[in-house]
Amino acid sequence: MTTAIQRADRRTSPVFLALVAVLVVSGWAVWSGTIAANPGFAVFLFVVSGWVVSLCLHEYAHARTALHSGDISVAAKGYLTLNPLKYTHALLSIVLPVLFVIMGGIGLPGGAVFIERGRIQGRWRHSLISAAGPLTNVLFAAVCTAPFWLHALDGVPAAFRFALAFLALLQVTAAILNFLPVPGLDGYGVLEPWLSPKLRQQVAPFAPFGLLAVFGLLWVPEVNRVFFDFVDTVLGGLGVSPVDTYFGQQLFRFWAGEPQLPQISGLL
């Protein structure tokens, strides 16, 4: 009986498998132009499902690293099933991140796994648990941009190219924001084990507001411009141009009308 429960705690959730199915089918639709009348809708489904899949993998990476570091409670909490509904509240984990994507093209760090830190010994392990999530976003960004930095875009349909570029932008913004050393974000979690107990106690009350403060700052035009200039620089190093991400976002916002896409040859 115990073994059966343990297997159930680690079995991949049907919810996650459904998300992957939507990602694959919508990706095929974008590539093939099946929804020729409104390709933006297929791009929307592709980007949203890809983004939520990345959220699941982000939180799974935290949980899996915690499991191997000594916190066996993560399995019983369902964190190893990749079910997005297990990662805190559905509103915070899914709705708000997708809303921020729609509003501003920003990858909001969504979801959370509750680690029993008392079970884990060693500062390096605590830091690695915090770093595992955003490192997953880095890996996801590398996969999305692989056709760009491998110069393998010949024959890739324009809509699919732009959709990949926009999804990569979300991954890069999520990784950068998560690695900020701000209380409540993973970057602070990496540093926290190395701080004095007194300093950690002083900072703790501000943790619930760290993410809100960061996004408040991003609405300041000067800060927003500096942030996205840095994002464009990172993406540029991976072969993705601002034109790619711009038209990816325009296609994603299908309710605003279909954009006039440029000739691909002009981007290379």
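This passage walks through the fold of one protein chain, from its overall makeup down to a few individual residues. The model is a predicted one, so the values below are all computed from it.

Start with the big picture. Of the 268 residues in the chain, 46% are buried. Contacts also reach across the sequence: counting those between residues at least 6 apart, 74% link residues that are at least 24 apart.

Next comes a pair of helices that touch. Two packed helices are described by the angle between their axes and the distance between the axes. Here, helix α3 (residues 39-69) packs against helix α12 (residues 242-252) at about 105°, and their axes are 7 Å apart. Angles from 65 to 115 degrees count as roughly perpendicular, which is why α3 is described as roughly perpendicular to α12. Which residues in α3 and α12 meet? On the α3 side they are Gly40, Val43, Phe44, Val47 and Val48, and on the α12 side they are Gly248, Leu251 and Phe252. Sorted by class, this contact between α3 and α12 comes to six nonpolar residues, two polar ones and no charged ones.

Helix α6 is not straight all the way along. Spanning residues 123-149, α6 bends by about 35° at Ala132, and a proline, Pro134, follows within four residues. After α6 comes His151, which has a positive phi, near 55°.

Is Leu218 buried or exposed? Its relative accessible area is 5%, and the cut-off for buried is under 20%, so Leu218 counts as buried. Setting aside neighbours within four places in sequence, Leu218 is in contact with Ile106, Leu177, Val223, Asn224 and Phe227. Take Ile106 from that list: Leu218 and Ile106 are 112 residues apart in sequence, yet their C-alpha atoms are 9.6 Å apart in space.

Finally, the cysteines. A disulfide is a covalent bond between the sulfur atoms of two cysteines. How many disulfides does the structure hold? The count is zero.

Notes: Residues numbered from 1 in each chain as written. Predicted model: local features only at pLDDT ≥ 70, side-chain atom pairs only at ≥ 80, totals over all residues. Heavy atoms only, no water. Bend = angle between axes of the 7 residues up to and from the residue. Helix = DSSP H or I, 4+ residues; strand = E, 2+ residues; numbered from the N terminus. Axes fitted to C-alpha atoms, helices over the stretch in contact; angles between N-to-C directions. Parallel < 35°, antiparallel > 145°, perpendicular 65-115°, else oblique. Contact = heavy atoms within 4.5 Å. Nonpolar A, V, L, I, M, F, W, Y, C, P; charged D, E, K, R; others polar. Buried < 20%, exposed > 50% of the residue type's maximum accessible area, 1.4 Å probe, protein only. Disulfide = S-S within 2.5 Å.
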